[in-house]
Amino acid sequence: MKKIFTAVASLFIGVAGAFSQTTMEEVKPIDPNDALVELKTTMGDITVELFNDTPLHRDNFLKLVGEGFYDGVLFHRVIDQFMVQTGDPNSKNAPAGAMLGDGDPSYTIEAEILYPKHYHKYGAIAAARTADAVNPEKRSSGSQFYIVTGNKYSERQLEISDYKKRSKALQDYFQKLAYEHRDSIQTLQRAGDNEKLEELRQQLIKETEEKIDVEEMPENIKADYSTIGGTPHLDGGYTVFGEVVKGMDVVEKIQKAETDAADRPKEDIRVLSAKVIKKNN
C-alpha cells in the first residue's frame, strides 16, 4: 500500500510540475516588439501587426487588448471603399439606431504621424480623432481606430490629391497666423487702413510659403495607391500605427455591410475578443 501511495504521489508531483511549467509559459509577457493582435469578429478573424516606431499607440493598444477593452465592441462606422471603424466602448450594449462614435477611455494619445514612412494604404490601421478645429495637435482617440480599404488611384488622381493636400496645409497655416495677428487685423479694419491690411496679408502669405513645404508623393507610395489602393487624402493628418497581416477578406466583408444614415451597420458586427499573440507563433 505504501509503495502504491508513493508511486501515486510521485505521479501527482510530476503532473503538478508540468502544469506549473505550462502555466508559467502561458502567462509570460510577450515582448511588444514581437507582438501581433488577433481580433475575432462575428465576420471572421483579423490579425494585426503594430509598428514599433509608434510606441505610444502600440503600447496603449496592447494594454487595452490585455484589459479586454475591445471585447464586445461594434464596428460602428463602416463606409464602403473607405474604411471600417471600431473601438467605441459605448457600442458594447448600444441599442439599434443609437448614435455612436463619442466613446473613449477618457484620454487621448499624442500624435505619432510618421508620413511618408507610414501611410494610408490598403490594410493600414490608424487612430481616429476629433477634428482639427478642436484638436490642432491631432491627438488620437484613446481607443478608436479604423482599418483602411479605400480605392485605387490613377496618376492624375494622385496629382490632384497632392495639390489638395498642399493647398489645405497652406490654408491651415495661414489661418493660424491670421488668428495670431487678429488684434492687428481688427485694428487695421476699424481704421479702414486697407493698404496696411494688404501689407500684413502679403507678409503672412510669405511666412506661410516659407514654412510649409509639402513634398511630392514618393514613388513607392504612388505605386501602392495605384495597385492596392488606400486613402491618400488622410496622409499626414492621422497616426498610422499598424497594418492587417491576415484577414483583409474579413475586412472586405465588413465594409460591404448595409448601413444606416450614420454609417452604422444595420446588423451588428462585433469584435468578440481580442488577444495578443506572438509573431511566428
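**Close-up views of a predicted model**

**View 1. Strand E3 and strand E4 (residues 83-86) form an antiparallel pair held over four bridges.** The coordinates shown in this and the following views belong to a predicted model. Within the pair, Ile79 has Met83 of E4 as its bridge partner. Helix H7 (residues 248-255) packs on the sheet, where it touches strand E1 (35-41), E2, E3, E4, strand E8 (145-148) and strand E9 (240-246). The direction of H7 makes about 115° with that of E2.

**View 2. Eight strands make up an open sheet with antiparallel pairing.** The order of the strands is E3-E4-E8-E6-E9-E2-E1-E10. At the edges stand strand E3 (75-79) and strand E10 (271-278), each of which pairs on one side only. From one strand to the next, the twist averages 25°. For orientation, the chain as a whole has seven helices and ten strands.

**View 3. Helix H7 has five named buried residues: Met248, Val250, Val251, Ile254 and Gln255.** Viewed down the axis of H7, these buried residues fall within an arc of 150°, so they line one face of the helix.

**View 4. Strand E1 is largely enclosed by the rest of the structure, because six of its seven residues are buried.** E1 pairs with E10 in the antiparallel sense over seven bridges, and Leu36 stands opposite Ile277 in E10. E1 also pairs with E2 in the antiparallel sense, here over six bridges, and Val37 stands opposite Val48 in E2.

**View 5. Lys117 and Asp53 meet through their side chains in a salt bridge, with an N to O distance of 2.6 Å.** Lys117 lies in the loop between strand E5 (108-109) and strand E6 (124-127), and Asp53 in the loop between strand E2 (44-50) and helix H2 (55-67), so the pair ties together parts that are 64 residues apart in sequence. Lys117 is exposed, with a relative accessible area of 58%, whereas Asp53 is partly exposed at 29%.

**View 6. Lys222 and Glu219 form a salt bridge between their side chains, at 3.6 Å from N to O.** The two residues are three apart in helix H6 (residues 219-227), which means that about one helical turn separates Lys222 from Glu219.

**View 7. The side chains of Lys266 and Glu258 are joined by a salt bridge of 3.2 Å, N to O.** Both Lys266 and Glu258 are exposed. Elsewhere, salt bridges that share partners link Arg129, Asp132, Lys138, Lys168 and Asp172 into one network. How many salt bridges does a search of the whole structure find? The search finds 22.

**View 8. Ser106 is located in the loop between E4 and E5.** Ser106 is exposed, and its relative accessible area is 69%. Ser141 is 35 residues away from Ser106 in sequence, and the C-alpha atoms of these two residues are 8.9 Å apart in space.

**View 9. The whole chain of 281 residues has 38% of them counted as buried.** Its accessible surface comes to about 16,400 Å², and carbon and sulfur atoms account for 53% of that area. What share of the contacts between residues at least 6 apart in sequence joins residues at least 24 apart? The share is 77%.

Definitions and conventions: Residues are numbered from 1 along each chain as its sequence is written. This is a predicted model: local features need pLDDT of at least 70, side-chain atom pairs count only at pLDDT 80 or more; totals for chains, interfaces and linings use all residues. Side-chain values use heavy atoms; hydrogens and water are left out. A salt bridge is a side-chain nitrogen of Lys or Arg within 4 Å of a carboxyl oxygen of Asp or Glu. Buried means under 20% relative accessible area, exposed over 50%, partly exposed in between (1.4 Å probe, protein chains only). Two strands pair if DSSP finds at least two bridges between them. Axes are lines fitted to C-alpha atoms, for helices over the stretch in contact, and angles run from 0 to 180 degrees between N-to-C directions. Contact means heavy atoms within 4.5 Å. Accessible areas come from the Shrake-Rupley method with a 1.4 Å probe; for residues, only the protein chains shown count as cover. The arc is that of the directions from the helix axis to the C-beta atoms.
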